[in-house]
Amino acid sequence: MTALAKHSRFIAILSAGLLLRVLLAFVVFPKQGFSTDMQLFAGWATTLARVGPGAFYATASGADYPPGYMYVLWLLGNAPASALPLLLKVPAIVADLGIAAVLYWAGRRWLGERAGLAAAALYLFIPVTWYDSALWGQVDAVGALLLIASLVLLIERHSEAAIALAVLAILVKPQEAIGLVIVLPVLVRRHLILGGSRWRLLTSALAGAATLALPLVPFDIGGVAGLLRLFQSDADRYSVLTANAFNIWALVGSTPLAQIIGGSGGSWTPDSLAVGGTTAFILGASALAGVGLVVAFYAVPTRVHERYLFLFFTVGALLAAEFVAASAGYLIVGLLNAVNLHAILGAPLSVGAGVAGFGRGGGPGVIRGGAGFSGLGAQIASIRLPFADLARSEMVVALVALGQTAALVALMVAWCVLVIRPRPIARAAKAPYVAWRPSSTS
């Protein structure tokens, strides 16, 4: 049997996932998406092509992304101007396919062929993923690809490559820093506490440091210190209860997001809001520290955007591929989060401005879905989707917020049960390579 025939079912799933995204991105909604984000990407790409990385951050409007993804935009910026609005969605679509391939490889190796196919299919066809890349035009999949590859390499005991990819993911999207919560303790435990090679801990640290420092060199960001200032500036800029994420904070405040998002618009509520003798920010941060799981990154802290749950749909696909209960939870959370994305993407939105210090460097994006660039940006239009008003209604926002929180808590409890539950010996015979599972002692 040839290699192509051996993986024919995966190739069919991958081809169907690609076809879906191509039809949405380039046939049904060409040069359309979340116009503010896509116009920013287009502006950054052309600025990089014009002035290079050395003067980019001093020149570009609203440049609040770290340098990692700027290398991709630098490449796209050299394309013909007429093609750039179409090309902006290509990197995320390619990353979607890459994530599916990683999930298939890992699932097949650790759990068997059926689990690998299920994991890839779950990821490719759950609406959240193609909403993000093919409709929205965002790039969360690029950072997620690097991070899921990092976790797989970590399990396969490739320590240096694992931490290098985890750091590179942060240079694409700062939110991927949550991956270090997993990678760093595992490396310390593996190479220090359990008596593994301490030399490997040193080489891993060097690999991470080099991956952090080298991509910054061409850019006028001020090195690692400048990168940290950029991260801090971004965090302070979105000092609100929720930046359009339908989590529990969407129901809080004198004018909660659930109330204003479907009406005439308004301002996000600052997370300095007093709650029981403290502030909402302190309460959310404390809850995040106390819970400490990937899913909690969306459910409990303040300052969360609607797409911050994206990483869950990569890692979660592997768990969902093996356990029926997990697959049900995965699909429920995916459906609810897709409603959240639909509400924000479906029509121009006038919610967001009004918080002191808020904005993207004075450039477009102060109001998500608002004004954009002239010239090239004028070629990129906002998507119009049906039922946007329904998805923004106060009742739907409340139901999604409560439903997502309950589903994520239920999945968290199920994960904890999995950790403490002994793994039957018979199970090991069916799937002998289960080092990824929390309950494994192998």
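Which residues is Ala250 in contact with, leaving aside its neighbours within four places in sequence? In this predicted model, those residues are Thr242, Ala245, Pro256, Leu257, Ala258 and Val397. Ala250 itself lies in the loop between helix H14 (223-237) and helix H15 (257-260). The relative accessible area of Ala250 is 0%, which is under 20%, so Ala250 counts as buried. The C-alpha atom of Ala250 is separated by 7.5 Å from that of Ala398, a residue 148 residues apart from Ala250 along the chain.

Asp140 is found in helix H10. The side chain of Asp140 is joined to that of Arg307 by a polar contact of 2.7 Å. When neighbours within four places in sequence are left aside, Asp140 is in contact with Asp132, Lys173, Glu176, Arg307 and Phe310.

Helix H10 also packs against another helix. Two packed helices are described by the angle and the distance between their axes. For helix H7 (residues 90-110) and helix H10 (residues 140-155), the axes come within 8 Å and cross at roughly 20 degrees. Angles under 35 degrees count as roughly parallel, and H7 and H10 are therefore roughly parallel to each other. Their crossing is left-handed. On the H7 side, the residues making the contact include Pro91, Ala92, Ile99, Trp105 and Trp110. On the H10 side, they include Ala141, Val142, Leu145, Ile148 and Ile155. The residues of the contact of H7 with H10 comprise 17 nonpolar, one polar and one charged.

Methods. Residues numbered from 1 in each chain as written. Predicted model: local features only at pLDDT ≥ 70, side-chain atom pairs only at ≥ 80, totals over all residues. Heavy atoms only, no water. Axes fitted to C-alpha atoms, helices over the stretch in contact; angles between N-to-C directions. Helix = DSSP H or I, 4+ residues; strand = E, 2+ residues; numbered from the N terminus. Parallel < 35°, antiparallel > 145°, perpendicular 65-115°, else oblique. Left-handed = near helix turned anticlockwise from the far one by under 90°. Contact = heavy atoms within 4.5 Å. Nonpolar A, V, L, I, M, F, W, Y, C, P; charged D, E, K, R; others polar. Buried < 20%, exposed > 50% of the residue type's maximum accessible area, 1.4 Å probe, protein only. Polar contact = N/O pair within 3.5 Å; in protein donor to acceptor, adjacent residues only side chain to side chain.
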